[in-house]
Amino acid sequence: MRSTVIMTEAAANNDGGVTTLSAIRIQVCYATPELQVLRELEVPAGTLLHEGIKRSGLLQEMREIDLTCWRVGIYGKLKTLDTVLRDRDRIEIYRPLIADPMESRRKRADKKSR
């Protein structure tokens, strides 16, 4: 894990100023073996999980992210893209598994028994 990126953003209200009364703070996390990204944002209350990811800019920067088939969660619990975010939620984007965990365990157990 070589690098970590942290970015903050303020949500703008209709007149261009920054609003804090109806804003919530969230984090969006994504990691690969080479990179960890943690973005801290202020978004309007009532923002959906998918919109929070879009506002983080990760979809534009990390083209491999495919929310149509990848899973997402908040603090390690799987959630749907239409989940309403709450203050201090940490959105996590989960990459697909390379190997089936059950099959990997079976192979290790067979190897140990020999």
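Select Glu42 to begin; this residue sits in strand S3, which covers residues 35–44. Strands here are DSSP runs of E with at least two residues, just as helices are runs of H or I with at least four, and both are numbered from the N terminus. The model is a predicted one, in which local features need pLDDT of at least 70, side-chain atom pairs count only at pLDDT 80 or more, and totals for chains, interfaces and linings use all residues. Residues are numbered from 1 along each chain as its sequence is written, and side-chain values use heavy atoms, with hydrogens and water left out.

Keep Glu42 selected and show its surroundings. Glu42 counts as buried because its relative accessibility is 15%; buried means under 20% relative accessible area, exposed over 50%, and partly exposed in between, with a 1.4 Å probe and protein chains only.

Arg25 and Glu42 are 17 residues apart along the chain, yet their C-alpha atoms are separated by 4.5 Å. Their side chains are joined by a polar contact of 3.1 Å. Such a contact is a pair of N or O atoms within 3.5 Å; within protein, one must be able to donate a hydrogen and the other to accept it, and residues adjacent in sequence count only if both atoms are side-chain atoms.

Tyr75 is not a glycine, yet its phi is positive, at about 50 degrees. With a relative accessible area of 45%, Tyr75 is partly exposed.

Finally, select Arg88, in the loop that lies between S5 and strand S6 (89–94). Arg88, a residue other than glycine, has a positive phi near 70 degrees. Its relative accessible area is 64%, so Arg88 is exposed.
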